[in-house]
Amino acid sequence: MAIEVMVVDDSAVVRQVVRDILNDAPDINVFACVADPILARQKMAEKWPDVFVLDIEMPRMAARHFNIYPLISYIVLNTTPFCDGS
């Protein structure tokens with residue numbers, strides 16, 4: 001049985017890259033890619049994921065405010081470039 005994954009990121013490019021990488025694994029199925037946690041909640045009316053891949057900061061709701069589903073695992077991404085001040 002495949003691990004069911006939902007990707008939640010406001011960047012369409014990041015969603016597509018994550019989907020492509022994960023779908024290469026035979027035991028992972030990315031069944032949904034959405035732009036924010038509010039859309040993710042709507043999609044959950046149809047199907048619950050085993051794992052969320054979440055962007056840490058999104059315009060409508062940050063991932064840290066979405067982590068309320070204790071039976072679902074989370075992988076949190078940060079695609080903001082790191083600046084060390086130099």
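**Figure 1. Overall fold of the predicted model.** Read along the sequence, the protein follows the pattern β-α-β-α-β-α-β, and its elements amount to three helices and four strands. The coordinates shown are those of a predicted model, with a mean pLDDT of 83 for the protein and 78% of its residues at 70 or more. Among contacts between residues at least 6 apart in sequence, 54% join residues at least 24 apart. Buried residues make up 34% of the 86 residues, while the accessible surface comes to about 5,500 Å², of which 58% belongs to carbon and sulfur atoms.

**Figure 2. Confidence by element, with strand β2 and helix α3 in view.** Strand β2, residues 28-34, has the highest mean pLDDT among the elements of the protein, at 96, whereas helix α3, residues 63-66, has the lowest, at 60. Where pLDDT is low, the predicted coordinates should not be read in detail.

**Figure 3. Salt bridge between Glu4 and Lys47.** A search of the whole structure finds two salt bridges, and in one of them the side chains of Glu4 and Lys47 meet at 3.0 Å, N to O. Glu4 lies in strand β1 and Lys47 in the loop between α2 (37-43) and β3 (51-55), so the pair ties together parts that are 43 residues apart in sequence. Glu4 is buried, with a relative accessible area of 15%, whereas Lys47, at 33% relative accessibility, counts as partly exposed.

**Figure 4. Salt bridge between Lys43 and Glu46.** Here the side chains of Lys43 and Glu46 meet in a salt bridge at 3.6 Å, N to O. Lys43 counts as partly exposed, because its relative accessibility is 28%, while Glu46 counts as exposed at 63%.

Figure 5. Asp9 is found in the loop between β1 (3-8) and α1. Although Asp9 is buried, it has no salt bridge, and the nearest side chain of opposite charge, that of Arg15, is 5.6 Å away, which lies beyond the 4 Å limit between side-chain nitrogen and carboxyl oxygen. Leaving aside its neighbours within four places in sequence, Asp9 is in contact with Val14, Arg15, Val34, Ala35, Asp55, Met58 and Leu77.

**Figure 6. Nonpolar surface patch that includes Val17.** Val13, Val17 and Ile21 make a nonpolar surface patch of about 290 Å². Of these residues, Val17 has its place in helix α1, residues 12-23, and counts as partly exposed at 43% relative accessibility.

Methods: Residues numbered from 1 in each chain as written. Predicted model: local features only at pLDDT ≥ 70, side-chain atom pairs only at ≥ 80, totals over all residues. Heavy atoms only, no water. pLDDT = per-residue confidence, 0-100. Helix = DSSP H or I, 4+ residues; strand = E, 2+ residues; numbered from the N terminus. Patch = residues over 30% accessible without salt bridge, like charges linked within 9 Å, V, L, I, M, F, W, Y side chains within 5 Å. Areas by Shrake-Rupley, 256 points an atom, 1.4 Å probe, with all protein chains shown as cover. Buried < 20%, exposed > 50% of the residue type's maximum accessible area, 1.4 Å probe, protein only. Lys, Arg positive; Asp, Glu negative; His and termini not counted. Contact = heavy atoms within 4.5 Å.
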